[in-house]
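Subject: Structure handover

Hello,

Here is the structure I promised to pass on. Please open it first, then read my notes below.

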Amino acid sequence: MGFLTLFAHHRGFDPILFGGQAMMVVSGILVVAALTYFKKWKWLWKEWLTTLDHKKIGIMYIVVSIIMLLRGFADALMMRAQQAMASGDTKGILDAEHFQQVFTAHGTMMIFFVAMGLMFGLINLVLPQMLGARDVAFPFLNSTSLWLFVAGAGLMNLSLLVGGEFAATGWLAYPPLSELQYSPGPGVDYWIWSVQIAGIGSLLSGVNFFTTILKMRAPGMTLMKMPMFAWSVLGSMILILFAFPILTATLAMLSLDRTIGMHFFTSDFGGNPMMYINLIWAWGHPEVYILVLPAFGIFSEVVATFSGKRLFGYKSMVGAIMAITFLSYVVWLHHFFTMGAGGNVNAFFGIMTMIIAVPTGVKVFNWLFTMYRGRVRFTSPMWWFLSFVFTFTIGGVTGVMLAVPAIDFQVHNSLFLVAHFHNMIIGGVVFGYFAGLTYWFPKIFGFKLNERLGKYAVACWVGGFALAFIPLYILGIMGATRRLDHYDASMGWQQLFIVAGVGVLVIGLGVLFQILQLAVSIRDRNKNRDTTGDPWNARTLEWATSSPPPHYNFAEIPEVTDRDAFWDMKQNKSQKAKKPDFKSFYMPNNSSGGMFIGLFAGLAGFAVIWHIAWLIAVGVAGVIGTIILRATNENTEYKMTKQMIEQERGSKL
């Protein structure tokens, strides 16, 4: 821990670390060179970096998340290679310290910078259009949230270049290991401030989308006429508003422990490490449902569309979402049944954990009943859904097993728990977001993705997932623990670790198919172009716009009379033939303020990590100054007239 010097805290030469550093530097140089060669700097600034268009902000979230996904997947490959090789006298490719850093980075990236980024990206792309709105409630706040997310991701990657280390504490950084005495380097501080800055951005997004759902719905769209995806986002945003302040306060206290010698979570002077674990999981378990609820909403839209039927059990689905939202706050202690809280406490949290499985089961049965007697089209989004049902059901069953304290005592901190967690996050969250990306891709970009390659990707993902994680269930029962970088050959575990490693490679093949799918789809975009705005014969309002939609979404705000608003419009010929009556409206001007807030926040976080007092002052002053400048700027909107809309469309309306 300490002050920045040219070679501060760098380890000796490590070929893997050097490879990561070289890849980052070379990639950065290539991007700068390409932008310069093709003279795209002005285009990048005007069209992307300063935009307040929620759709472009959504695309940027997804781009950053995919980049972080590829890095997180590389970490997974390293961990599985290490565990497959490091048996007996063989030490593997990573030393113990480096393995723990890779383990921590993988978990942190996948939760905070992949899953959260994909979630906010899809919400930005779809939610306002689905509600019949022209924009989100707070466009500038939306931009600020994105750039805080980018700043957090950048700070995490910067740890490779400046300092050469990341936290080796596990992805939730439990004290006392994360305290200064046991982790004196800058790695834990990089973890704290990358998560803290991105987390504040997530909290601001929660405020924005919660307000958007409550205040920006089209006329006639009551709460009980909202699409199920909007309900799922509402539940997720409620969780964010209650859970993320806990994370912000917890990380602030841990940072104060490390930087100015406070004792919130040390055993000295009245501190308590168990308080940190309670607080971090009071955020951490709702976080699981923050991520999975929007995925449930995506599956609801996909299943209804490709079954050609109205969603079965709408009211029970709404009730299930709200039940999950409430119950997710009363199950956090099941993450540490072994702490010695006592039988009564463990029994309460065990029962609550079992109860929360009920509304989740309700949703699965409703989806299956929606498919029943429907004209089901087995497109690639439906393949993602069916893969989800398979993997998520396994995860749900093992989750109920872990809810029994007696079972949890046996498999606590084992690879059984790791397999269960990945069942829920990959099988539920990742498959859901991939289904959403595939489903809404023609709406976002104006052409469909290649179906054949998409199905190959699904098959590799679900097959690789089974190979990668079913062995971990077995290993967990056999006693293999988390964070295991070496084991004795006599344990007989190596064959199962090798199978798990092969599974990761099969998932990697799925990732390659997705990359190939995107490349082939771009090549064939003219052949697969969506000229109708409704390539799937869908049911909700986002499909009422062109593909891709204009920056203002709707020239005329639609009136909603039915739960499946767009389906109703297609059936109601008189409404469809109604002559449009366009009126002027206001849209937000571009602004660089959000980007500068993110830049200064990242600068302040970097300065705290390295104890550079003057740079902390610059970063904080920059954030405050940018906010003041934005607040005093009166030129934040421009007027869209009928003539401007006609000019953009290229014909008279």
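Start with helices α8 (residues 273-307) and α9 (residues 314-327). Their axes come within 11 Å and cross at roughly 170 degrees. Axes here are lines fitted to C-alpha atoms, for helices over the stretch in contact, with angles from 0 to 180 degrees between N-to-C directions. So α8 is roughly antiparallel to α9 (angles over 145 degrees count as such). On the α8 side, the contact is made by Tyr289, Leu293, Phe296 and Ser300. Met317, Ile321, Ile324 and Thr325 make it on the α9 side. Contact means heavy atoms within 4.5 Å. By class, these are 6 nonpolar, 2 polar and no charged residues. Nonpolar covers Ala, Val, Leu, Ile, Met, Phe, Trp, Tyr, Cys and Pro; charged covers Asp, Glu, Lys and Arg; the others, Gly among them, are polar.

A word on the source. This is a predicted model: local features need pLDDT of at least 70, side-chain atom pairs count only at pLDDT 80 or more, and totals for chains, interfaces and linings use all residues. Residues are numbered from 1 along each chain as its sequence is written, and side-chain values use heavy atoms, with hydrogens and water left out. Helices are DSSP runs (H or I, at least four residues), numbered from the N terminus.

Next, the cores. A nonpolar core is a set of buried Ala, Val, Leu, Ile, Met, Phe, Trp, Tyr and Cys residues joined through side-chain atoms within 4.5 Å. Buried means under 20% relative accessible area, exposed over 50%, partly exposed in between (1.4 Å probe, protein chains only). The largest core has 176 residues; Met119, Trp191, Trp367 and Trp440 touch the most other members. Helix α8 gives the largest share of this core, 19 residues. Another core, of 7 residues, lies apart from it and includes Ala555, Phe582, Met587 and Met640.

Two cis peptide bonds are worth a look. One joins proline 175 and proline 176, with omega about 5 degrees. Proline 176 is in the loop between α5 (139-161) and α6 (187-215). Another joins serine 547 and proline 548, with omega about -10 degrees. Proline 548 sits in the loop between α15 (494-523) and α16 (565-571).

Last, positive phi values. Lysine 39 is not a glycine, yet its phi is about 55 degrees. It lies in the loop between α1 (15-37) and α2 (41-49). Lysine 39 counts as exposed because its relative accessibility is 73%. Arginine 373 has a positive phi near 65 degrees. Its loop runs between α10 (343-371) and α11 (380-402).

Best wishes

Definitions and conventions. Helices (H or I, at least four residues) and strands (E, at least two) are DSSP runs, numbered from the N terminus. Angles under 35 degrees count as roughly parallel, over 145 as roughly antiparallel, 65 to 115 as roughly perpendicular and the rest as oblique.
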